[in-house]
Amino acid sequence: MPVVNVNVKWSGKKFENIELDTDEGPELFKSQIYSQTGVPPERQKIMIKGGMLKDTTDLNKLGLKNGHTFMMMGTAGELPKPPEKPTQFLEDMTDAQKAEVLEIPAGLENLGNTCYMNSTLQCLRVMPELQTALDKYEGGLASMDNRGNLTASLRNLFKDLNRNGEGFPPMVFWQMLQQVFPQFSQTGQGGVPMQQDAEECWSELVSVLKAKLPQGDTGRNFIEQYMTGEMQSELKCLDAPEEEKVVTSEPFPKLSCHITKDTNYMVNGIKESLSEKIEKNSPTLDRTAEYERVSRISRLPQYLPIQFIRFFWKPEQRIRAKILRKVKFPLNFDATELCTPELQNKYSKAKLKLKEIDDRREAKRRDEKRRKIDLETGKEASSSTTSDMDTSEDKVEWSEFLDPELLKDVGGNPTGQYELCAVLTHVGRSADSGHYIAWVKKAEDEWHKFDDDKVSVVKDQDVERLDGGGDWHTAYIVLYRAKRLE
């Protein structure tokens, strides 16, 4: 019996009918308890037969039945304030003090299984141009246009987050989201909101912003200009090679990474999604024939979302099950190999120059590391041409290397090179359960992990671990931005 309804007794209170999926790990159960009691998972002491519930405990071996009651101890609320001292250590600070000292942005409170929404919003917030576009939206919250009200509530929410250092409840935005998209208002037992798919929330919200954000000087708004690419597709008949090929072009809001038993890297999964075989009527043969559609990118936007197709429908269990396979994604992404030959040619000069700069910087980094080791071991510092490198060599007149047409395309990517700026992850075995978290880049080797209103600082290596392969947080949507030219 994988799902049972259990109760939790804590601090004289009883929390009833908490859904416990015994196929999931205790970490998810503790997160559910946290959303109702406010006791963080690391402070929860949950009694089971023979001891305490650990993160490694197999829930299926506990013999749980409906109505089982757990006893829990633990303290909710902020960490206790330390006594006043001349020097205040980081580990002694409250969450608010840590946020101020470490410049940690505000998180979003979970309103009841709303982590899918919170993680989506934190990823979108990484784009300053979006906040600028929202500031120009003049609509209010009380109009007859629900989509306009949703756009206005997002504008106000981002302003509130910029003013606050602690967790903020996105109540108004959530209400507006449910009015526009009723599927997000579904509830389960006890009236608790049901978990939803973060990718669906992302796509629906982007569609509203595309319809409601004001246009700029180019006649396009932020979504059309900064988040929409162009795809050129060529359709040819395999049964009649002499039949004329059909070439079409259409916009795309994101790329897809298909995952098969052979997919190990993100770029390979994307390439697979850009090639497909279909059957349709052939005017040449006057019958159904096999066709191949091959697509290539003819415009790259400044911000490029990529969705990992990790969920599939299991009809016997009536759930969207998850593909756990490890698929590596890079911190720096060269998207030019996905482009049309014409666009690749326009990128060629800038690509070579960027590689030259990266190689020089890597050589300088290795030389500095070698010198440091020599100093620590007492050896005489080795000489190297890279050690005397003038940093002014990195100051490039980019107009010499960038295609003039690409330079005029405001909101496009003039080099085809990207850096990772946000990751939306999922932990759990199905799209409609588990937990979503946002990981947003702040600076070099510094990221913010947004676990609802709990925000912490992590490193590149922590983000690189989000590639799947088990029950840890797994990348579901990654957001890349065009590399900044210095």
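The questions and answers below look at a few local features of this predicted model. Residues are numbered from 1 along each chain as its sequence is written, and side-chain values use heavy atoms, with hydrogens and water left out. Because the model is predicted, local features need pLDDT of at least 70 and side-chain atom pairs count only at pLDDT 80 or more, while totals for chains, interfaces and linings use all residues.

User: Which helices do the buried residues of α6 pack against?

Analyst: Helices here are DSSP runs (H or I, at least four residues) and strands are runs of E of at least two, numbered from the N terminus. In α6, which spans residues 171–180, the buried residues are F173, W174, M176, L177, Q178 and V180, where buried means under 20% relative accessible area, exposed over 50% and partly exposed in between, with a 1.4 Å probe and protein chains only. Their packing partners, by contact (heavy atoms within 4.5 Å), are α3 (115–124), α5 (146–163) and α7 (198–212).

User: Is T114 buried or exposed?

Analyst: T114 lies in the loop between α2 (95–101) and α3. Leaving aside residues up to four places away in sequence, T114 touches E109 and W174. The relative accessible area of T114 is 0%, and therefore T114 is buried.

User: How do α5 and α7 lie relative to each other, roughly parallel or roughly perpendicular?

Analyst: Two packed helices are described by the angle between their axes and the distance between the axes. For α5 and α7 the angle is about 100° and the axes are 10 Å apart, with axes fitted to C-alpha atoms over the stretch in contact and angles running from 0 to 180 degrees between N-to-C directions. Angles under 35 degrees count as roughly parallel, over 145 as roughly antiparallel, 65 to 115 as roughly perpendicular and the rest as oblique. The two helices α5 and α7 are therefore roughly perpendicular.

User: What is the relative accessible area of N17?

Analyst: Most residues other than glycine have a negative phi. N17, in strand β2 (residues 13–21), has a positive phi of about 55° although it is not a glycine. N17 is partly exposed, and its relative accessible area is 48%.

User: Where does D286 lie?

Analyst: D286 is a residue other than glycine with a positive phi, near 55°. D286 is exposed, with a relative accessible area of 64%. Its place is in the loop between β9 (275–282) and β10 (287–299).
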